[in-house]
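Student: I have a structure to go through. Can we take it question by question?

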Amino acid sequence: MKKISWCKSIANPRYPNCLNSIVFAMFMANLHVPYQGKCFDIKTLTSEIYFVAVLVNTSIGFVMIRLITISTTYLDQHYPWHKKCQQRMKRQILLGFFMPVQFTILITIVYFALADMKIHGNCYFNKYLHQMILMSVVLNFYLFFYRSKFNKFKKNILKVGTRPIMELNPELYKEIACIYIEEKNYFSISFNGEKMGWNHTLSESMLFLPSTDFYPIKHSFIVNRLAILEVDLINSKKTKILLITPINLELEVSQRVNTSFKRWYADKIPKK
């Protein structure tokens, strides 16, 4: 299994990629042409200064778009709208708007300084920067509505009662010792103790993982039967399990599933 970063998790919607960002940045970079009423000015469109300006503005716009997209993806993981709306709003304005715009202004000033160009009275700050700010607002709204649509899509999938067809190699999940939630992100641990990103929620995982091998001992943890080294029956309502080396985790089974877990574990253990 490949290690998966938080920004590439399948739990995230597919926000605009680099190619889409470049196209959007090029659109932003050319907005100053109709803005100045020079859509059909051949002299302007064929000048060397125009192409240099479009290249620089596209690069600056691309950086701003990627900053907004990456910041939004990070906030989706740690401050989801449906759970922490007020905290998310403040952080989205800061990380998804003010910081990208400020960074864009900074690299623009650096470019003007390196090119020995005057900042005062330049058309970039008088006209083009306003359009960049407007586009950053539009992009933030787009990502918000796109995320809302994605969340509704996920809920509809989870409501389906049939088991989905997953392209999962049967040999692949045999390497997984356990799956769990940590700080709102999903991870798996292999039998050799390697921690990796996991692409599905625990509820989704149990739809395609074999129930004879995996069991959700609590709402935040799924364990592979072969990863259990010892089961300690403390009393009729309390059970603890110890996972094999090198994982070495001691976990308490939720009382809600305590009885069903003992019945599941008492079944014949499958061969490795």
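**After the helix, along it, and inside**

Tutor: Let us begin with a backbone detail. Just after H5, Asp116 has a positive phi of about 55 degrees. Keep in mind that this is a predicted model.

Student: What span does H5 reach from its first C-alpha to its last?

Tutor: H5 has 30 residues. At 1.5 Å a residue, 44 Å is expected. The model comes close to that, at 42 Å.

Student: At which residue does H5 bend?

Tutor: Look for the proline, Pro100, in H5. Pro100 follows the bend within four residues. The bend is about 30 degrees, and it sits at Phe98.

Student: What is the volume of the largest cavity?

Tutor: The whole structure was searched for cavities of 30 Å³ or more, and one was found. Its volume is about 30 Å³.

Student: Which helix gives the largest share of the lining of that cavity?

Tutor: Helix H4 (48-78), helix H5 (85-114) and helix H6 (123-159) each supply at least two lining residues. The largest share is four residues. That share comes from H6.

Student: How many of the lining residues are charged?

Tutor: The lining includes Asp76, Arg88 and Arg147, along with residues such as Tyr15 and Gln92. By class, four are nonpolar and three are polar. The charged ones number three.

Student: Is Arg88 of H5 buried or exposed?

Tutor: Arg88 is one of the residues lining the largest cavity. Among the H5 residues listed with it are Gln92, Gly96 and Phe97. That list gives Arg88 as buried.

Conventions:
Residues numbered from 1 in each chain as written. Predicted model: local features only at pLDDT ≥ 70, side-chain atom pairs only at ≥ 80, totals over all residues. Heavy atoms only, no water. 1 Å grid on protein atoms, 1.4 Å probe; cavity = no way out; pocket = protein on both sides within 12 Å on 5 of 7 lines; lining within 4 Å. Points joined across faces, edges and corners; volume = space filled by probe spheres on them. Nonpolar A, V, L, I, M, F, W, Y, C, P; charged D, E, K, R; others polar. Expected span 1.5 Å × (residues − 1). Bend = angle between axes of the 7 residues up to and from the residue. Buried < 20%, exposed > 50% of the residue type's maximum accessible area, 1.4 Å probe, protein only.
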